Amino acid sequence: MRWRFLARRLAMLVASLLVASFVIFGALYLAPGNPITALSGGRALPAASLRVLEQRYHLNQPFLAQYWYWLDNALHGNLGISITLQENVSAVIAGRMWTTGGLVLYAALIILVVGIGSGILAALRPGIADTSVLVTTAVSAAVPSFVAAIVLITVFSVKLGWFPALGNGTSLGSNVRHLTLPAIALALSSLAIVARVTRAAVREEADREHVQTAISRGIPARQLIRRHILRNAAIPITTVSGITIASLIAVAAVVETAFSLNGLGAYLVQAAQSKDLAVVQGISLVLVVAFVLINAIVDLLYALLDPRVALGSRAQ
Amino acid sequence: MSAMIEVPAARIRPAAGGVAGLLRSAGIAGLVSAAAIAVATVLAVIGPLVAPYNPDLPSLGLAWVGPSGGHLLGFDFEGRDVLSRLLAGAQSSMIGPLAVVIGALALGTALAVLAAWRQGPLDSVISACLDILFAFPGILLAVLAAAVFGAGLTAAAIALSIAYMPYVARVLRGAALKERSQPYVAALEVQGASGTSICLRHIVPNMMPLIVAQATIMFGWAMVDLAAVSFLGLGVQPPAPNWGVMISENQPGILQGYPLPALAAGICIVVVVIAFNILGERLFARAQAARR
Amino acid sequence: MSDAALLDVAGLTVALPVEGEQREVLRDVSLQIRPGEAVGLVGESGSGKSMTARAIDRLLPRGATVRGRIAFRGADVAALSGSQLRGYRNKVAMIFQDPRAHVNPVRRIGDFMTEALRTNLGVSAADARTRAADMLASVGIEDGERRLRQYPHEMSGGMLQRVMIAAALLTEPALLLADEPTTALDVTTQAEVMAILAELREQYGLSMLFITHDLELAAAICDRTVVMYAGQIVEVRASELLHGDPLHPYTAALAAARPDIGQQSSRLRAISGRPLSAFEAPPGECAFAPRCPHAQPQCVAAVPELTELDGGLSRCARVAELRGQLETTNA
């Protein structure tokens, strides 16, 4: 029965990716003017360059064929050439991927450790701990990442000088230092959501009847919490954490811009500003693939954690 | 005890206890939030008119000067009065999210009710399409739209509407399915009412508390996302006053020791979003309670 | 030795916190269970029967106030803690009404059954599994090894209830608290589960407190029956005498309300009004008086005490006068 679920989920995954790539490619034709103007970003290019563009994008072929060529190229790692940088888009992406990847990973770590941790704490220790977590999360959930960014820069960079305000850093150690404030800014509002959902899930599980059964059999508190409350609450907690982390991929662009990091997101924004469509398409594709993959993994984890799942996605 | 089954008439439940009940159940936090939202809304309408100084007139000699004289929040990077720019900026900062919410709700409700009413293959197709739409995070779609159509509030707002629509549709579809299985719907069908009229005059109004709650929370998200897009330079364009834009254009000042303009704009955003979050949560709780 | 009470509840009064105030749900409940004895606890919703079992098993919600004494083999249950409390929980097992809600859905049946053995009694995993499989056989579930690997959602309600009974018996308890174990099951399964309970009781010499709203069911399996109303005990009687010769009007009304399959009648006889919880009962009078067809002025003058009559107890002010006149049939 699990295999049917997996097969269905895989099919959804592929369908999502195909549709997403189609939309990203089709954006070329949604742009005002013709594809050539869109690709050149409104710049006046010499005729030779225009012919190269025509050929590379197979613009004299039917729409679907063009899409196919583009997709085929993309799957082989060829995402075109950046008009502004005159470089291979894939090369640029490869170069900047680690910054974005590192940032998202760092933020994910913060969310998981601090978010889930404080949620569990608030649920199992009602009183001061609970109230303070509730109040803090209510506020931080509303703080957008770029606002968090400027506050963090103001307090920790300018006033206290603990962390650098901008840039990437040179070595691994300084990389981590440079990514700390951005990671916190990125994690802050998601952290609040994860903490609240964790708290709610743990509280709900603690009230369930099967916990009463375990208590009546004298199971000690530690085991009770671990095996019956947290283990069951892990299902909604994992789902929310996964979705939240997936959404970090898009918001990373904002944080990278605020901290002048040379990540994929920052590059995407610059390309959008300068209408470098090939780059925008290439990076969008990479980000969407990452987003869809993470969501699929979350669905998989959900199926693994909950033995009652036979069919359908978690969207039941 | 006679056992006659009564089919309840189509019910549109007014808020329990009327407006007074609404106010009482909101609690202090709810009331303060509602007040904050009211203020922000009023400013969105008359902001530019009540600004004490001209929000658009640069005066470079006064750049980065702190609070002084009648200028409560000082001057920004181009010597413009920060407070005035904040008041004027309320307009674009609030209208964008409003458009997003209306768009996402209209589309989402329509699709949700349609899927719930017809069920069967149409429902599967709509649900599958919605599932696929979930692949696009809001900001990404907005950036893509800006690259294709050029930077601006309109493109960003439309992109976000489309990105939010699946969330609305999913929540409302569940509620619509529940409504559809209520006895009064069957009673109306038997009486010959058409599907459209039942949906429009009974199902949707009965889902109103949930729709309003969803709209409120979504306003907060939209505000954050749109401000982010403007912060990135892809939404509202400078020199137009807008809270997101103000943060990005005044950010360099932070490193030079003048954080106030950027922070002030940030605080405005946070306060309004918190207010919408709190109010939205209260409304959700009421909507849940009303359904029991 | 076999006459000394295994469980001795004396003057148990419990109040639960509801919206800031304490609401009484049990008032001055006293009962004894001797080793090997089965006592039925009968009442409608709100009578406090489940609360009594929970109080005995120390499963009351946080903030509950408890007065009175519960003693198990002479030891005060409320004073137990740590390993002593765990030992108590091994000796007193509880089975619940809705098996599907009371078994952890994400863990296997094997884990569920052997958990107490492994954790509290230090039994090895392999040993515990063997015992569990054997116990499953005694409750009529074949192929125990395979069942142990299954998840709760793969079993029917009736089977799950049998699993719960088996799990409860693995720690070799002396007393079984059964809180409406068959209410959530269909009638055929009910009969099967009841048969299993009766058989195992005999086999292991268990005492049992059997909670139900069904007077006849309690009478069928229990030696003595206790009837509760509004958080108080209103009658205690040997089961075989209860139906034909009840001492309290409420018991008679309960018996009469149940349609007799062998009889024809024109209307279902229900008791007018609705059952009350302890805190809803009018103070200073007999809690059943508003609904009682035999009420007299003396019944609303004071709360009646439990009076002994002919080997049974009754909380009726007019017990002596009404003896033999209470109708228990539907005719």
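**Entry 1: domains of chain C**

I started with chain C, which splits into domain 1 (7-222) and domain 2 (239-314). I kept in mind throughout that this is a predicted model.

I looked up the spacing next. The centres of domain 1 and domain 2 of chain C, taken over C-alpha atoms, lie 28 Å apart. Where they meet, domain 1 of chain C gives 16 residues and domain 2 of chain C gives 11 residues.

Which elements of domain 1 of chain C supply at least two residues each to the side that touches domain 2 of chain C? I found β2 (21-33) and α9 (215-221) of chain C. β2(C) brings the largest share, with 5 residues. I then sorted this side of domain 1 of chain C by class: 6 residues are nonpolar, 5 are polar and 5 are charged.

**Entry 2: the sheet in chain C**

I traced an open sheet of 8 strands in chain C. The order is β6-β7-β8-β3-β9-β10-β12-β11, and the pairing is mixed.

I then picked out one pair. Strand β3 (residues 38-42) and strand β8 (residues 207-212) of chain C run parallel to each other, over 5 bridges. As a reminder to myself, strands of a sheet pair through backbone hydrogen bonds, either parallel or antiparallel.

**Entry 3: chain A overall**

I turned to chain A and counted 12 helices and 0 strands. The C-alpha atoms of chain A fill a box of roughly 80 × 60 × 35 Å along the principal axes. Chain A has 316 residues, and 46% of them count as buried.

Among contacts with a separation of 6 or more, 72% join residues 24 or more positions apart.

**Entry 4: which chains touch**

I went through the chain pairs. There are 2 pairs of chains in contact, and chains A and B share the most contacts. Chain B and chain C do not touch, and their nearest C-alpha atoms are 10 Å apart.

For the A and B contact, I noted 43 residues from chain A and 36 residues from chain B. On the side of chain A, the elements giving two or more residues are α1 (2-30), α6 (128-140), α7 (145-159), α10 (221-258), α11 (264-273) and α12 (277-305). That side of chain A divides into 36 nonpolar, 6 polar and 1 charged residues.

For the A and C contact, 17 residues of chain A meet 21 residues of chain C. Here α9 (209-216) and α10 of chain A each supply at least two residues. α9(A) gives the largest share of the side of chain A that touches chain C, 6 residues. By class, I listed 4 nonpolar, 8 polar and 5 charged residues on this side of chain A.

**Entry 5: helix α11 of chain A**

Is α11(A) mostly covered or mostly open? I found it mostly covered, with 8 of its 10 residues buried. Among the buried residues of α11(A) are Leu264(A), Tyr267(A), Leu268(A) and Val269(A).

I asked what these buried residues pack against. In chain A, the partners are α5 (89-124), α10 and α12. α4 (138-149) of chain B is another partner of the buried residues of α11(A). After α11(A) comes Lys275(A), and its phi is positive, near 55 degrees.

**Entry 6: Leu83 of chain B**

Leu83(B) sits in helix α2 (residues 82-118) of chain B.

Why does Leu83(B) count as buried? I found 20 C-beta neighbours inside 10 Å of Leu83(B), and the cut-off for buried is 20 or more, so Leu83(B) qualifies.

Leaving aside neighbours within four places in sequence, Leu83(B) is in contact with Pro52(B), His71(B), Leu72(B) and Leu73(B). I also took one distance along the chain. Ala104(B) is 21 residues from Leu83(B), and their C-alpha atoms are separated by 32 Å.

Conventions:
Residues are numbered from 1 along each chain as its sequence is written. Chains are lettered from A and ligands numbered from 1 in the order in which they are written. This is a predicted model: local features need pLDDT of at least 70, side-chain atom pairs count only at pLDDT 80 or more; totals for chains, interfaces and linings use all residues. Helices (H or I, at least four residues) and strands (E, at least two) are DSSP runs, numbered from the N terminus. A residue is buried if 20 or more other C-beta atoms lie within 10 Å of its own, exposed if 12 or fewer, and partly exposed in between; C-beta atoms are placed from the backbone. Two residues are in contact if their C-beta atoms, placed from the backbone, lie within 7 Å. Ala, Val, Leu, Ile, Met, Phe, Trp, Tyr, Cys and Pro count as nonpolar, Asp, Glu, Lys and Arg as charged, and the others, Gly among them, as polar. Domain bounds come from an automatic or database domain assignment. Two strands pair if DSSP finds at least two bridges between them.
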